[in-house]
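Biologist: Could you take me through the reading of helices, surface patches and charged pairs in a model such as this one?

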Amino acid sequence: MLRVRSRVALSQVSESELVIQSSRFRRILFGSIGTILLVSFFIGSSTPSEPMIGGTIFYFVITGVSLMVAAWNSITRLDRESDTVCFEKRIAGVLFRTRDLPLSSVSEIVLQSVRLLKESEQPQPGLLNTRYRGYISRRNTYFRLYIETASEKILIEDSSDVEDLDRVGETVATFAGVTFRRVEI
């Protein structure tokens with residue numbers, strides 16, 4: 001299994017099946033954080049104090065986001081044997097949306113990039129420290145990985161880490177027997 005920082009795990013289940021899904025480690029991490037926050041709320045609410053509505057709402061939003069990230073799983077299965085690409089969306093293991101298309105209809109895999117800040121809008125030397133400027137330059141471009149057919153583009157994953165999406169895109173293109181193309185918008 002290849003784990004990537006872009007929230008996706010790529011695994012070749014068999015010679016004829018490739019699976020791309022949300023990282024299990026990430027889902028377990030966010031589930032643990034959400035559970036700890038929920039338990040902490042109930043333990044902390046047993047002590048009498050003046051309620052802070054704003055803080056309580058913020059606390060529940062953070063807890064809810066953590067639990068939803070843990071519950072959400074987006075799975076893309078490429079199966080050469082049955083000539084299908086299956087897109088599944090699951091919440092807490094329950095399938096709520098699925099879509100299939102023929103693997104033979106896939107024309108190419110596309111990595112699309114969008115630059116967020118122009119050169120003139122980026123931090124100038126001397127204004128910020130080197131580490132922050134390096135972080136801005138790495139995160140200045142946003143990438144989206146698509147499966148492209150003759151009629152549409154279907155999003156696989158998006159991230160600001162090009163190396164990981166590049167590796168996933170090349171692996172999927174090689175597996176599907178199609179070309180891998182990089183496009184800058």
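Biologist: Which elements do the buried residues of α2 pack against?

Modeller: Elements here are DSSP runs numbered from the N terminus, helices being H or I with at least four residues and strands E with at least two; buried means under 20% relative accessible area, exposed over 50%, and partly exposed in between, with a 1.4 Å probe and protein chains only. The buried residues of α2, which are Thr63, Ser66, Val69, Ala70 and Ala71, pack against α1 (24–44), β4 (72–79) and β5 (84–91), contact being heavy atoms within 4.5 Å. This is a predicted model, in which local features need pLDDT of at least 70 and side-chain atom pairs count only at pLDDT 80 or more, while totals for chains, interfaces and linings use all residues. Residues are numbered from 1 along each chain as its sequence is written, and side-chain values use heavy atoms, with hydrogens and water left out.

Biologist: Which residues make the nonpolar surface patch?

Modeller: A patch takes residues with over 30% relative accessible area and no salt bridge, joining nonpolar side chains (Val, Leu, Ile, Met, Phe, Trp, Tyr) within 5 Å and like charges within 9 Å. Leu38, Phe42, Phe60 and Leu67 make a nonpolar patch of about 340 Å², to which α1 and α2 each supply at least two residues. Leu67, placed in helix α2, counts as partly exposed because its relative accessibility is 32%.

Biologist: How many salt bridges are counted, and which residues are linked in a network?

Modeller: Side chains of opposite charge can pair when their charged atoms come close. The rule asks for a side-chain nitrogen of Lys or Arg within 4 Å of a carboxyl oxygen of Asp or Glu, and the count comes to 9 salt bridges. Glu17, Arg77, Glu88 and Arg90 are linked in a network, within which Glu88 and Arg90 meet at 3.2 Å, N to O; Glu88 is buried at 8%, whereas Arg90, at 22%, is partly exposed.

Biologist: Which parts does the salt bridge of Asp166 and Arg182 tie together?

Modeller: The closest N and O atoms of Asp166 and Arg182 are 2.7 Å apart. Asp166 lies in helix α4 and Arg182 in strand β10, so the pair ties together parts that are 16 residues apart in sequence. Asp166 counts as buried at 17% relative accessibility, while Arg182, at 48%, is partly exposed.

Key:
Areas by Shrake-Rupley, 256 points an atom, 1.4 Å probe, with all protein chains shown as cover.
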